[in-house]
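Here are some notes for a colleague who is opening this structure now.

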Amino acid sequence: MATETHGSGSALDVRALEAALRDHVAGEVRFDAGSRGAYSTDGSNYRQVPIGVVVPYTVDAAATAVEVCARFRAPVLPRGGGTSLGGQCANTAVVIDFTKYCHGLVSLDTERRTCVVEPGIVLDELNRRLAPHGLRFGPKPSTHSHCSLGGMVGNNSFLAYDADRELMRRAGIEAEVLDAGCCGLAGNFGFERGHHELSLAIGEQGVLPAVRDTAPGALVLADGFSCRTQIDQGRTGRRALHLAEALSLGLDGPLPADRPEKAVARPVASRRDAGLLTAGTAAAVLGAAAAGAYALARGAGRRARGTVRRA
Ligand SMILES: Cc1cc2nc3c(=O)[nH]c(=O)nc-3n(C[C@H](O)[C@H](O)[C@H](O)COP(=O)(O)OP(=O)(O)OC[C@H]3O[C@@H](n4cnc5c(N)ncnc54)[C@H](O)[C@@H]3O)c2cc1C
């Protein structure tokens, strides 16, 4: 069908949009069913068939594509590696894929330790090119071999586990890091009707039994919202703490020998706030779902707790 109605509610002349993109944009303009199907999913469980796909040859061409889409009031959706877990890269929009051509390291200033990159460059590739200069880009999500700098900025992607590990080392916390993660609530789908059991079944493959086996005096740490939620809901009898909460315990004096997490008070949301919390939670899942997959750690009991530095 040549005319479709999209998010704005106004009719969109898809054929005219495609023709205008072909006329003005230096790049691949792909509105065929195969391309739209290929770009209908990302790392999440969501599927939305895009209006079309543009693979620009240059960053300027991408800007032109945005201008053309704006003229047609067509939604646009930039895409990097598509490793998002919350459906960020699946929508009825014109998808602009930066990874095929717009992946250059434009300039590098070794004195100031800064560089300019095109958005489609993959993190590992950037770091491979920085390595001869003794430099690397710090944030390193688990998807470092596929994620792009543009997507990292879009998601505010952060470190995998290295920073936490270093912080705990400096704080004197001995931690056993599990090599299993939870399901990350699989981009929030664990909260949906009919998916909760599956979400918990995935947790039962590693995380939940490990938490149940944890000594009563040891802390359970999970920086990711998803793992914390699963541990709360997975009949472990334990409440997992964020690393920041664990560090705060070190400031607050002696801890209970049994389930030391009881010493951490969390504010109870009012009914009105609880509504806001739900919305905030949905946003948090975008990053935290991924975090959940790697951030579960077990504190090593009394010694770990005793040696957390006091301010
Ligand atoms: C197994 C697994 C583990 C993960 N581990 C982590 C982790 O450790 N830490 C973490 O933070 N995340 C993690 N993630 C989530 C995700 O991989 C990261 O957020 C990743 O950095 C996203 O990069 P990407 O190139 O795939 O972005 P995409 O998924 O392609 O895009 C992400 C967002 O950025 C936008 N975007 C992309 N390019 C541009 C651009 N040029 N201009 C404007 N907006 C743009 C997109 O529209 C989208 O909203 C994980 C995901 C998986 C599947």
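1. A term is needed at the outset: a residue counts as buried if 20 or more other C-beta atoms lie within 10 Å of its own, and as exposed if 12 or fewer do. The model under discussion is predicted.

2. Helix α8 shows both classes. Its buried residues, in the run 196-203, are Ser199, Ile202 and Gly203. Seen down the axis of α8, these buried residues fall within an arc of 105°, so they line one face of the helix. The face turned away from that buried side carries the exposed residues Glu197 and Ala201. An α-helix has 3.6 residues a turn, so residues three or four places apart point the same way.

3. For the chain overall, 40% of the 311 residues count as buried. The secondary structure comes to 13 helices and 11 strands. Among contacts between residues at least 6 apart in sequence, 63% join residues at least 24 apart.

4. Four strands form an open sheet in the order β3-β4-β6-β5, with mixed pairing. At the edges stand β3 (27-30) and β5 (76-79), each with a single partner strand, so one side of each is left without a neighbour in the sheet. From one strand to the next, the twist averages 20°.

5. Within this sheet, β4 and β6 pair in the parallel sense over 3 bridges. Valine 54 stands opposite isoleucine 96 in β6. Helix α3 lies across β3, β4, β5 and β6, and runs at about 150° to β4.

6. Which residues have the most contacts inside the largest nonpolar core? They are Leu21, Val54, Ala65, Val94, Val95 and Ile96, in a core of 24 residues. The elements that give two or more residues to this core are α1 (14-24), β4 (52-56), α3 (59-71) and β6 (94-97). The largest share, 4 residues, comes from α3. In soluble globular proteins, nonpolar side chains tend to be buried together.

7. Leaving out residues up to four places away in sequence, Valine 54 touches Leu21, Val25, Gly27, Val29, Ala65, Val94 and Ile96.

Notes:
Residues numbered from 1 in each chain as written. Predicted model: local features only at pLDDT ≥ 70, side-chain atom pairs only at ≥ 80, totals over all residues. Core = buried A, V, L, I, M, F, W, Y, C linked by C-beta atoms within 7 Å. Contact = placed C-beta atoms within 7 Å. Arc of directions from axis to C-beta. Pairing = 2+ DSSP bridges. Axes fitted to C-alpha atoms, helices over the stretch in contact; angles between N-to-C directions.
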